[in-house]
Amino acid sequence: MNRPTFFNAIRGGFTGKLEPDEVKGTEAVLDAMAGLPLAWTAYALGTAFHETAGTMQPINERGGAAYFHARYDPNGARPDIAKRLGNTEPGDGARYHGRGFVQLTGRANYKRAGDELAIDLIRYPDQALECGVASRIMRFGMVEGWFTGKSFAAYLPHGGAASYGAFVLARRIINGSDRAADIATYAQGYQAALKAGGWA
């Protein structure tokens with residue numbers, strides 16, 4: 001793909017001027033999505049743009065230790081959620097809080113992602129905040145349906161462009177229908193830019 005053409009297209013659209021970190025994060029997502037269909041890549045970019053408030057940098061879930069303990073710890077307020085996330089030890093709620101482009105959460109998910117990427121996310125969970133790691137977690141999670149059981153293939157075409165409606169439905173890969181219309185709009189913008197750049 002011609003990346004200068006792609007970046008010129010998104011700068012002329014909804015992103016406006018891009019800061020160096022925004023370019024770096026976008027490049028990491030493009031690298032991670034190499035070989036995937038146009039619509040899938042566009043939706044990954046749109047998701048990252050939304051989840052990071054346009055910074056294109058992996059982020060920590062909002063909240064402090066007490067919040068994460070209550071939400072995710074086996075001794076917290078929701079032990080059933082902690083169990084589902086594989087959080088078995090006191091402190092797991094804070095240790096394995098959401099990180100990345102798509103908020104990887106829970107010991108079991110960190111283990112799965114670490115095994116997939118051949119890195120130790122159990123001992124070093126902050127690696128999920130590195131652009132290259134976060135973008136690959138997003139790729140595997142969205143291709144394989146880690147986050148909700150739904151994957152790219154359930155909603156988006158293997159070839160050619162996706163419709164706005166398909167992008168709206170694709171939000172179910174990550175988070176039900178929350179802000180689905182906004183992310184679909186971002187994905188459409190990225191899809192046009194990818195096409196302009198010759199993504200194949």
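The buried residues of helix α8 are C131, V133, A134, S135, I137, M138, G141 and M142, where buried means under 20% relative accessible area, exposed over 50% and partly exposed in between, with a 1.4 Å probe and protein chains only. This is a predicted model, in which local features need pLDDT of at least 70 and side-chain atom pairs count only at pLDDT 80 or more, while totals for chains, interfaces and linings use all residues. Residues are numbered from 1 along each chain as its sequence is written, and side-chain values use heavy atoms, with hydrogens and water left out.

Let's stay with α8 for a moment. Helices (H or I, at least four residues) and strands (E, at least two) are DSSP runs, numbered from the N terminus. Just after α8, G145 has a positive phi of about 75°. Cover for the buried residues of α8 includes α2 (20-32), α3 (38-51), β2 (99-100) and α7 (107-117).

Now to the core. A nonpolar core is a set of buried Ala, Val, Leu, Ile, Met, Phe, Trp, Tyr and Cys residues joined through side-chain atoms within 4.5 Å. The largest one has 39 residues, of which F6, V29, Y43, M138, F152, L156 and F167 touch the most other members. Elements giving two or more residues to this core are α1 (3-11), α2, α3, α8, α9 (164-169) and α10 (180-197). Helix α3 provides its largest share, nine residues.

Leaving aside residues up to four places away in sequence, V29 touches A44, L45, A48, M56, F101, S135 and M138, contact being heavy atoms within 4.5 Å.

Aromatic rings come next. Rings of Phe, Tyr and Trp (its six-membered ring) pair if their centres lie within 6.5 Å; planes under 30 degrees apart count as stacked, over 60 as edge-to-face and the rest as tilted.

| Pair | Centre distance | Plane angle | Type |
|---|---|---|---|
| W40 and F152 | 5.0 Å | 25° | stacked |
| F49 and Y186 | 4.8 Å | 70° | edge-to-face |

W40 in helix α3 and F152 in the loop between α8 and α9 are 112 residues apart. W40 is buried at 6% relative accessibility, and F152 is buried at 0%. F49 in helix α3 and Y186 in helix α10 are 137 residues apart. One aromatic cluster is formed by F6, F7, F49, Y186 and Y190.
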